[in-house]
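Hi,

Here's the structure I said I'd pass on. Have a look, and my notes on the salt bridges follow below.

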Amino acid sequence: GLRGRGRGGGGGATGSEGAETAGPSVVTGVKAIEPFDFASLEGWDNFYSSASSGVDGTGDGVVELEEYEWHPSLPHSAFASCIPRGSSIIVIGCGSSSLPRYIYDVHEGETSVCCLDYSSACVDALRERDGSGRERMTFVRADATRLEELEWDVVLSDNIGLGGPSYRPFDVVIDKGLIDALMCGEGWDYDVQRLIKSVSSILKEDGGLYLLGSFKLSSSTKEFLVETGGEVGMAWEFSEEAEKMSGSGMNNGRAELSRGVLQRNGVA
């Protein structure tokens with residue numbers, strides 16, 4: 001699920017404003033997800049299995065994955081506008097969001113999009129829902145905090161533009177709610193630190209971009225991200241709130257889009 005990896009525990013997400021002990025509800029166009037243990041892989045597998053079974057009600061065996069958007073007040077266009085056409089991007093903890101599909105389609109297939117989630121149920125259903133006709137879109141089941149362990153040339157070998165010997169580090173990593181979900185588990189600081197280091201291992205070393213859509217981060221969490229980012233050469237900018245970008249005021253300043261830029265020069 002959004003969390004990216006399973007681990008026991010369910011402490012409060014004290015580092016992010018608006019995140020609660022049981023996990024915040026995820027608002028959709030129709031309803032909100034009832035909170036469960038967002039730090040549990042089993043919880044996410046159960047959720048996506050439920051979300052992708054019998055939705056169409058036809059009984060013909062067709063499985064349709066229902067879309068759930070973390071931070072719906074952050075418009076997809078806010079992310080897409082930060083990404084040059086022709087980039088290679090990866091959406092970590094993608095869940096069932098339509099964001100990867102939106103970016104792919106609005107860039108008319110010129111941008112390679114990798115959808116990554118730790119829930120097999122999610123990845124399988126998402127591939128079935130969004131994969132048809134999108135040759136430069138891939139779907140990977142993996143732990144977002146251990147991306148350096150993957151053999152990416154093998155994982156993406158069937159993807160035009162990314163696979164085999166032509167594989168290169170990603171230009172952009174998108175995190176829309178993953179860090180929020182990580183903070184719902186005990187020891188979240190370790191998990192977030194692992195995530196930042198993991199992401200830095202697959203990003204382009206000179207100018208690779210980490211787009212983070214999250215609840216409005218507390219000052220202490222921002223300091224933690226700056227410190228952790230400094231260890232891998234990632235500089236953070238915390239400035240763009242969803243309320244300012246959407247113009248709707250519907251999120252009351254609770255969500256923001258932050259940017260981390262990787263510059264490895266001078267970093268051991």
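A quick word on terms before the notes: I call a residue buried under 20% relative accessible area, exposed over 50%, and partly exposed in between (1.4 Å probe, protein chains only). Keep in mind this is a predicted model, where local features need pLDDT of at least 70, side-chain atom pairs count only at pLDDT 80 or more, and totals for chains, interfaces and linings use all residues. Residues are numbered from 1 along each chain as its sequence is written, and side-chain values use heavy atoms, with hydrogens and water left out.

Searching the whole structure turns up 12 salt bridges (a side-chain nitrogen of Lys or Arg within 4 Å of a carboxyl oxygen of Asp or Glu). Helices (H or I, at least four residues) and strands (E, at least two) are DSSP runs, numbered from the N terminus.

One of the bridges joins Arg194 to Glu148, with the closest N and O atoms 3.0 Å apart. Arg194 sits in helix α7 (residues 188–200) and Glu148 in the loop between β3 and α5 (152–155), 46 residues apart. Arg194 is buried at 16%, whereas Glu148 is partly exposed at 38%.

Helix α7 also holds Lys197, which pairs with Glu231 in helix α8 (residues 219–232), so parts 34 residues apart in sequence are tied together. Here the closest N and O atoms are 3.6 Å apart. Lys197 is partly exposed at 35%, and Glu231 is partly exposed at 38%.

Finally, Arg85, Glu108 and Glu110 form a salt-bridge network.

Cheers
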